[in-house]
Amino acid sequence: MTQNINAPSDWMISGPGAERRILCYNDDLMMVEFRFAKEGLGALHNHPHTQTTVVASGKFQFTLEGKTHILEAGDSLLIPSLAMHECLCLEGGVLMDAFTPCRDDFLEAHSLNKVPS
């Protein structure tokens with residue numbers, strides 16, 4: 001499934017100062033765009049999905065398994081399955097994240113249906 005529009009209804013609050021929209025997905029992979037205001041937070045959590053994140057703009061402080069990383073536009077990070085992680089937005093910006101397999105919890109929250117691989 002691909003969403004080719006940037007409709008306000010596509011966006012959902014994902015945490016303090018942060019929102020997300022699902023760009024495309026199938027059972028194996030999901031791409032999600034996150035927008036953060038300065039000091040926006042992706043609270044400490046983990047999930048069974050492998051995740052990659054690319055900083056499209058802004059500056060972020062990621063903590064991954066207790067180690068801190070500062071990422072700016074063009075930087076990327078791989079987050080292994082079940083790794084504890086969080087991010088704090090130091091300068092408002094955008095993250096482009098991919099998850100494998102697809103995040104069924106995100107689909108449910110956005111009222112979207114699964115799409116077979």
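Trainee: Which residue in S6 is the bridge partner of threonine 63?
Mentor: The partner is threonine 68, in S6. Keep in mind that this is a predicted model.

Trainee: How do strand S5 and strand S6 pair, and over how many bridges?
Mentor: The pairing is antiparallel and runs over six bridges. Strand S5 covers residues 50–64, and strand S6 covers residues 67–72.

Trainee: And how many residues sit between S5 and S6 in the hairpin?
Mentor: Two residues lie between them. One thing to look at in that turn is glutamate 65, which has a positive phi of about 50°.

Trainee: New topic. How many salt bridges are there in the whole structure?
Mentor: A search of the whole structure gives five. As background, side chains of opposite charge can pair when their charged atoms come close.

Trainee: Which residue does glutamate 19 meet in a salt bridge?
Mentor: Glutamate 19 meets arginine 35, with 2.7 Å from N to O. This pair links distant parts of the chain, as glutamate 19 is in strand S2 (residues 18–25) and arginine 35 is in strand S3 (residues 30–36), 16 residues apart.

Trainee: Is glutamate 19 buried or partly exposed?
Mentor: Glutamate 19 counts as partly exposed because its relative accessibility is 24%, and the cut-off for buried is under 20%. Arginine 35 is also partly exposed, at 30% relative accessibility.

Trainee: What about arginine 21, which residue does it form a salt bridge with?
Mentor: Arginine 21 pairs with glutamate 33, and their closest N and O atoms are 2.8 Å apart. Here too the pair links distant parts of the chain, with arginine 21 in strand S2 and glutamate 33 in strand S3, twelve residues apart.

Trainee: Why does arginine 21 count as buried?
Mentor: Because its relative accessibility is 12%, which falls under the 20% cut-off. Glutamate 33 counts as buried as well, at 13%.

Trainee: Where is the salt bridge partner of lysine 114?
Mentor: The partner is aspartate 104, and the closest N and O atoms of the two are 3.5 Å apart. Aspartate 104 is in helix H1 (104–109), while lysine 114 is in the segment after that helix, ten residues apart. Aspartate 104 counts as partly exposed, at 39% relative accessibility.

Trainee: Which residues are linked with Asp104 in a network of salt bridges?
Mentor: Asp27 and Lys114 are linked with Asp104 in that network.

Trainee: Where is arginine 103, then?
Mentor: Arginine 103 is in the loop between strand S8 (85–100) and H1. Its side chain makes a polar contact of 2.6 Å with the side chain of aspartate 105.

Trainee: Is arginine 103 buried or exposed?
Mentor: Buried, because its relative accessibility is 7%. Setting aside neighbours within four places in sequence, arginine 103 is in contact with Met30, His47 and His49.

Trainee: Last one, leucine 90. What does it touch?
Mentor: Leucine 90 is in strand S8. Not counting residues up to four places away in sequence, leucine 90 touches Lys38, Lys59, Phe60, Gln61 and Ile70. Leucine 90 has a relative accessible area of 28%, so it is partly exposed.

Trainee: And what separates leucine 90 from proline 8?
Mentor: Along the chain, the two are 82 residues apart, and their C-alpha atoms are separated by 25 Å.

Definitions and conventions. Residues are numbered from 1 along each chain as its sequence is written. This is a predicted model: local features need pLDDT of at least 70, side-chain atom pairs count only at pLDDT 80 or more; totals for chains, interfaces and linings use all residues. Side-chain values use heavy atoms; hydrogens and water are left out. Two strands pair if DSSP finds at least two bridges between them. Helices (H or I, at least four residues) and strands (E, at least two) are DSSP runs, numbered from the N terminus. A salt bridge is a side-chain nitrogen of Lys or Arg within 4 Å of a carboxyl oxygen of Asp or Glu. Buried means under 20% relative accessible area, exposed over 50%, partly exposed in between (1.4 Å probe, protein chains only). A polar contact is a pair of N or O atoms within 3.5 Å; within protein, one must be able to donate a hydrogen and the other to accept it, and residues adjacent in sequence count only if both atoms are side-chain atoms. Contact means heavy atoms within 4.5 Å.
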